[in-house]
Amino acid sequence: MLIVVSGPGGVGKGTIAELLVERDKNLWLSKSWTTRSRRDGEDEDSYVFVTEKAFEKAIQDRAFLEWAEFHGNFYATPWPTPPEGKDVLLEIDVQGAQSVTKQGLDCLMVFVDTPTIEDQAQRLRGRGDSEEEVQRRIQEGERERSNASELGAIFVINDDLEKAVAEIQSIISLYRSRKL
Ligand code: 5GP
C-alpha cells in the first residue's frame, strides 16, 4: 500500500511523516534524494544529498519511482524497498504525487495544509528561509492546493500537530480497511 503525504513548504509535513512512522510500525518511510544543500541544523539523514551528476545518472538508470524539480533543486523517490508487509509512506511535493497517480499506482493521497497563509509564512521564516524564498513558497502553495484537490487528496489542517497526526492515522486505518 502506498500513502503519499504532500503539502506546501513549511507546513510541517516532515515532522508529521516522522511521527506517523514512529507510531505505526506497519509504515515505512521512503528516503528521498535531493540535489539541494543541507540546511543549517538539518539532519544528515533527512535526504540522500547528491550532486546533479549523480542525480542525472540515477534518472538514466531508472532508479526513481518519480522525480521533480522544485525551486531549482531536484528531488526523487527511489523505487521503494519496504520490508515485507509494510506500507510505504512518501513525503513528496504535489508534482511527485501527480506522477505517482499518472503511473496508475493506487495510493492514498493526503494534503497537509496550514490554517492560514500567514501561518505558512511564519513557519517558513521561523526555519530561516529568506523573504524571497518565503514568497516563492507561498505562491507555489496556492498552485499545490489546487492541484491536490484535482488529484482528490484528503486535506488535513495542521493547526495542532497531535491532532493532525491522529487524523491522518484514522484516514490510514480507514484506507487499510478499504472503507475509503
Ligand atoms: P525541502 O527542500 O523543503 O526539504 O523540500 C521541498 C519540497 O520537495 C517539499 O514539498 C517536499 O515535500 C518535496 N520533496 C521531498 N522529497 C521529494 C521527492 O522525493 N519527490 C518529490 N517530488 N518531492 C519531494
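**View 1. Residues around the ligand.** The ligand has 17 residues around it, and those that come nearest are Ser32, Arg36, Tyr47, Glu66 and Tyr75. A residue counts as near when one of its heavy atoms lies within 4 Å of the molecule. The model is predicted: local features need pLDDT of at least 70, side-chain atom pairs count only at pLDDT 80 or more, and totals for chains, interfaces and linings use all residues. Residues are numbered from 1 along each chain as its sequence is written, and side-chain values use heavy atoms, with hydrogens and water left out.

View 2. The side chain of Tyr47 places an N or O atom 2.5 Å from an oxygen atom of the ligand. For Glu91, a polar side-chain atom is 2.8 Å from a ligand oxygen atom. At Thr77, the distance from a side-chain N or O atom to an oxygen atom of the ligand is 3.2 Å.

View 3. Domain 1 gives 19 residues to the contact and domain 2 gives 12 residues, where contact means heavy atoms within 4.5 Å.

**View 4. Details of the domain interface.** Domain 1 and domain 2 bury about 1,200 Å² between them, 50% of it on carbon and sulfur atoms. Buried area is the accessible area (1.4 Å probe) that two parts lose on being put together, summed over both. Between the two domains there are two residue pairs in polar contact, both at pLDDT 80 or more, and zero salt bridges. On the side of domain 1 that touches domain 2, at least two residues come from each of β7 (87-91), α3 (94-102) and α5 (131-150).

**View 5. A salt bridge between Asp113 and Arg145.** Side chains of opposite charge can pair when their charged atoms come close. The closest N and O atoms of Asp113 and Arg145 are 2.7 Å apart, forming a salt bridge. The term requires a side-chain nitrogen of Lys or Arg within 4 Å of a carboxyl oxygen of Asp or Glu. The whole structure has 16 salt bridges.

Technical notes: A polar contact is a pair of N or O atoms within 3.5 Å; within protein, one must be able to donate a hydrogen and the other to accept it, and residues adjacent in sequence count only if both atoms are side-chain atoms. Helices (H or I, at least four residues) and strands (E, at least two) are DSSP runs, numbered from the N terminus.
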